[in-house]
Number of protein chains: 2
Amino acid sequence: MKDCVFCRILGGEIPATTLYEDDATVAFRDVNPAAPAHALVIPRKHIATLDDATAADAELLGKMMWAARAVAAEMGVAKSGYRLVMNTHAGAGQSVFHIHLHVLGGRGFTWPPG
Amino acid sequence: MKDCVFCRILGGEIPATTLYEDDATVAFRDVNPAAPAHALVIPRKHIATLDDATAADAELLGKMMWAARAVAAEMGVAKSGYRLVMNTHAGAGQSVFHIHLHVLGGRGFTWPPG
């Protein structure tokens with residue numbers, strides 16, 4: 001998707017600090033970090049929102065969660081704790097319409113989560 | 001796990017308002033809602049934290065994401081937007097050690113997410 005910033009990162013058109021990648025997902029640092037450790041896990045497949053995923057994408061969604069775990073370890077926050085966040089639709093704060101899982105760590109977290 | 005409150009909900013020992021269930025997951029209302037619509041999606045399998053999941057659990061993690069999507073629709077917040085949150089370890093706010101995905105909607109959300 002040429003108009004999708006995350007697809008452009010996947011295509012190497014926009015630079016990003018990659019922390020993890022596998023056959024299905026890529027994780028890189030968020031350029032506007034909301035925590036000392038803040039990465040985004042995205043699927044290589046363009047899916048605009050979680051509501052655009054199909055039942056066949058369930059395995060891919062699981063791989064995103066699995067990647068998030070690896071990314072937390074890579075960032076050194078696995079033991080201290082980390083928060084995963086996915087916003088679906090603009091009303092919840094989604095700003096890039098290629099699904100992404102935020103992985104945040106390296107500080108304390110409050111509740112409610114925003 | 002007899003000491004796990006979520007396993008006790010799964011076993012019917014503790015009541016909960018179930019919103020969705022399938023072969024792998026159950027979702028019910030959070031008893032301390034942080035939004036007008038607030039549910040928890042849990043796997044039927046006891047997994048303490050995301051770091052205790054194995055590669056074989058990736059499909060199950062995907063089913064949790066898929067269930068979250070269904071729960072958002074069930075709560076009527078799919079269109080207005082919803083935020084998914086998973087806390088891993090006490091340092092990130094995890095208070096029940098049976099993995100769970102928060103599904104929050106029905107209000108606006110701020111950033112950072114707690």
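Reader: Which strand does β1(A) pair with, and in which sense?
Author: In this predicted model, β1(A) pairs with strand β2 of chain A, residues 25-29, in the antiparallel sense and over three bridges. Within this pairing, A:Glu21 stands opposite A:Val26 in β2(A).

Reader: And what order do the strands of the sheet come in?
Author: The sheet is open and has 10 strands, which run in the order β1(A)-β2(A)-β3(A)-β5(A)-β4(A)-β4(B)-β5(B)-β3(B)-β2(B)-β1(B), with antiparallel pairing. β1 (18-21) of chain A and β1 (18-21) of chain B stand at the edges, and because each has a single partner strand, one side of each is left without a neighbour in the sheet. On average, and with direction ignored, neighbouring strands are turned by 20 degrees against each other.

Reader: Which strands does helix α2 of chain A touch?
Author: Helix α2 of chain A, residues 58-74, packs on the sheet and touches β1, β2, β3 (37-43), β4 (82-88) and β5 (101-105) of chain A, together with β4 (82-88) of chain B, while its direction makes about 155 degrees with that of β3(A).

Reader: What about helix α2 of chain B?
Author: Helix α2 of chain B, residues 58-74, also packs on the sheet, where it touches β4 of chain A as well as β1, β2, β3, β4 and β5 of chain B, and its direction makes about 155 degrees with that of β3(B).

Reader: Switching topic, how many disulfides are there over all chains?
Author: A search of the whole structure finds zero. For A:Cys7, the nearest cysteine sulfur is that of A:Cys4, 3.8 Å away, whereas a disulfide would need the two sulfur atoms within 2.5 Å.

Reader: Is A:Cys7 buried or exposed?
Author: A:Cys7 is buried, with a relative accessible area of 16%.

Notes. Residues are numbered from 1 along each chain as its sequence is written. Chains are lettered from A and ligands numbered from 1 in the order in which they are written. This is a predicted model: local features need pLDDT of at least 70, side-chain atom pairs count only at pLDDT 80 or more; totals for chains, interfaces and linings use all residues. Side-chain values use heavy atoms; hydrogens and water are left out. Buried means under 20% relative accessible area, exposed over 50%, partly exposed in between (1.4 Å probe, protein chains only). Two strands pair if DSSP finds at least two bridges between them. Helices (H or I, at least four residues) and strands (E, at least two) are DSSP runs, numbered from the N terminus. Axes are lines fitted to C-alpha atoms, for helices over the stretch in contact, and angles run from 0 to 180 degrees between N-to-C directions. Contact means heavy atoms within 4.5 Å.
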